[in-house]
Structure formats: structure tokens, C-alpha cells
Amino acid sequence: MKLVFTRISSLVLLVALAVSCSREEQGIAPATPTAATVSSDVATRDGNLAMGNPSGAVTDATNSPNNYLMTKTQYTLSYSRDKGKANWASWHLSRAWLGSTPRQDNFASDATLPTGWFRAGSTSYSGSGFDRGHVCPSADRTGSIADNSATFLMTNMMPQAPVNNQQTWAGLENYARTLVGQGYECYIVAGSYGSGGTGTNGYATTISSGRIVVPSNCWKVLVVLPEGTGDAGRVTTATRIIAVNMPNTNSIGTAWGSYRTSVDAIESATGYNILSAVSSSVQSVIEARVDAGPTS
């Protein structure tokens, strides 16, 4: 009986080894855990306003010149004619938006602004001491030359203190793409408010002969979800929300996590309803919370 049991055990072991070798030959690797529970095998490009229109912007140059809705394939924004810059921009970020397209650096005026409005050009910030700070980042749109070029339209820029733009703000931009690499997708809304920032040349309230207002603060909100569909409906009280409010100054600290705040606080400062497409009961919880998650 012992001999029979030994032979059966050996046979089972040989079969197991054969199956394992077969899987390796077919290139089938064992499953490994991922950072996010991905509910879709294919990342998609979803609507840039899926979380809502924060200021109720409309495409009406006559009646809404300072809350003018501009819809691009790559992002959607509310533009202010009198401030010469966007109030906010909203965009979706997933693996589907990312590719190998290099940074185009082709800053250009936006020809889709209404006739007669001031159009900032590639040199409108020159000598001001402030960067042409992207609202929707170049590196979030690398799927094609057209996608990347769209981020260099001047309607997507705000006068940003260089240290803020190149270090603190950039750090959060990089972290958002890190999350995407871990299996998440993000909905991002960002903008600026107030008047008066401090750049390389000191304090200023406007640039370009008074046609572009320098903001006092730059803010951003990220909704972090596992890849999937029906995104606004998947936001729950457990969803990670990252909100930051940064002073527009060169003396800013370089760690973006130091500037985390609540969505409620940003809404109080701007008058916006940033996540209006999310159920009000969920909003009341997630918008009051200050993120304490990882920063890298």
C-alpha cells in the first residue's frame, strides 16, 4: 500500500511540474497584487468635466465674459476676460492619456477666444518674474503632438512664482502620474484666485501692462479612483481626495504635502462647487476631510 501511495504522489508531482512548465512556456506569469483594484483592463479617456462644472461656466461671451466655458479635447476651463487667464481647468488623467510624445514648448495664443478679447501670446509673461505656469500639465497629455500642444495654449497658463511652479506645484503633478502608474485614474480640477504674488522680480498684481492678473493663490483638487467606469458614481466617502492651496510666492516650501487643505476651504475661498456631480451626502464627508496619505 505504501508503494502505491508513493507512486501516486510522484505522479501528481510530475503532472504539477508539467503544468508549471507549460505555463512558463506560454508566457503566463503568476498573478501579482496591484496597488489599485482595477475594474477595467483597458484605461479610457473619460470626460474632463465628469466631476462637475465648478462655477457653472457657460459659452456666452456677452453675458459671461469672466466665467466663459472653453471646451478642449484635452481639458475644459473657465476663462476670465478681465483677468486674462483661466479661473480653473478640469481634466481626466489615466494611462490612456499618456504616451511618448515629447514636450512641445510651442506656447501660443488661443485663437478660439471671442473676437476682440485680449489674447495672451508666447511673450506676454516675458520679463515679469513669473513663469507661464500650466494649469493642465504638459506631461499629463503625452498621447500625441496635438494633445501636448493643446497644453501650451496661453489660456491654460497662469502667472506662477518660479519656485512654486517648478518645484512645489510640479511635485504634485508628478505624484498624480505616479498614482496612474499604480493603477489609478484621477480627475483633477485646478486654478487660481486672488490678486498679488511674489516672483523673481518681487511683488506684482498684474503683468503684461495690466492685462493679466497675478493670483495670490494656486489650488488643486484630485479625485483618486481605481480604473473603471461610471466614475462620479464610484466616488464614496472612502475615496481619496487630495486638495492643496499654495501661496503664489517664491518663498514657498518645496514639499507639496505641506499645503494640503480641504475642498471645503477652497470652495470657501473661490465660491465654487468643485465636485458638484458627486452626491451631496458623499460631498459633505469627502470635502471636509484633509488628506493625510502618502506624498510620493
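Which side chains does a polar contact of 2.6 Å join? The side chains of T112 and D110 are the ones joined in this way. A polar contact here is a pair of N or O atoms within 3.5 Å; within protein, one must be able to donate a hydrogen and the other to accept it, and residues adjacent in sequence count only if both atoms are side-chain atoms.

Before we look around further, a word on the model. This is a predicted model, in which local features need pLDDT of at least 70, side-chain atom pairs count only at pLDDT 80 or more, and totals for chains, interfaces and linings use all residues. Residues are numbered from 1 along each chain as its sequence is written, and side-chain values use heavy atoms, with hydrogens and water left out.

## Around T112

T112 is found in the loop between β3 and β4. Helices (H or I, at least four residues) and strands (E, at least two) are DSSP runs, numbered from the N terminus. With 49% relative accessibility, T112 counts as partly exposed. On this scale, buried means under 20% relative accessible area, exposed over 50%, and partly exposed in between (1.4 Å probe, protein chains only).

If residues up to four places away in sequence are not counted, T112 touches M70 and K72; contact means heavy atoms within 4.5 Å. T112 and T155 are 43 residues apart along the chain, and their C-alpha atoms are separated by 9.7 Å.

## Rings and charges

The loop between β3 and β4 also holds W117, which takes part in an aromatic cluster with Y68 and Y79. Rings of Phe, Tyr and Trp (its six-membered ring) pair if their centres lie within 6.5 Å; planes under 30 degrees apart count as stacked, over 60 as edge-to-face and the rest as tilted. By this rule the model has five aromatic pairs. Two of them involve W117:

| Pair | Centre to centre | Angle between planes | Arrangement |
|---|---|---|---|
| Y68 and W117 | 5.2 Å | 65° | edge-to-face |
| Y79 and W117 | 6.3 Å | 20° | stacked |

Both pairs bridge separate stretches of sequence. Y68 sits in strand β1, 49 residues from W117. Y79 lies in strand β2 and W117 in the loop between β3 and β4, so their pair ties together parts that are 38 residues apart in sequence. Y68 is buried at a relative accessible area of 9%, W117 is buried at 11%, and Y79 is buried too.

Charged side chains meet rings as well. R132 lies over the face of F107, 3.5 Å from the ring centre, while the charged end of R141 sits over the ring of W97, 3.6 Å from its centre. A charge sits over a ring if NZ of Lys or CZ of Arg is within 6 Å of the ring centre and within 35 degrees of the ring normal.

## The nonpolar cores

In soluble globular proteins, nonpolar side chains tend to be buried together. A nonpolar core is a set of buried Ala, Val, Leu, Ile, Met, Phe, Trp, Tyr and Cys residues joined through side-chain atoms within 4.5 Å. The largest one here has 36 residues, and W91 and I242 touch the most other members. Elements that each supply at least two residues of this core include β1 (68-71), β3 (85-93), β11 (217-226) and β12 (240-247). The largest share, seven residues, comes from α3. Another core, of 22 residues, lies apart from it, with M51, A243, I266 and I274 among its members.

Strand β12 is mostly covered, with seven of its eight residues buried. β11 and β12 pair in the antiparallel sense over eight bridges; two strands pair if DSSP finds at least two bridges between them. I242 of β12 is the bridge partner of L222.

## Two more spots

T270 belongs to helix α5 (residues 263-270) and is buried, with a relative accessible area of 17%. The side chain of T270 reaches the backbone nitrogen of Y272 at 3.3 Å. Leaving aside neighbours within four places in sequence, T270 is in contact with Y193 and W219.

Finally, look at the loop between β9 (206-207) and β10 (212-213), where S208 lies. S208 has a positive phi of about 55° although it is not a glycine, and S209, in that loop, also has a positive phi of about 55°. S208 is buried, with a relative accessible area of 13%, whereas S209 is exposed at 75% relative accessibility.
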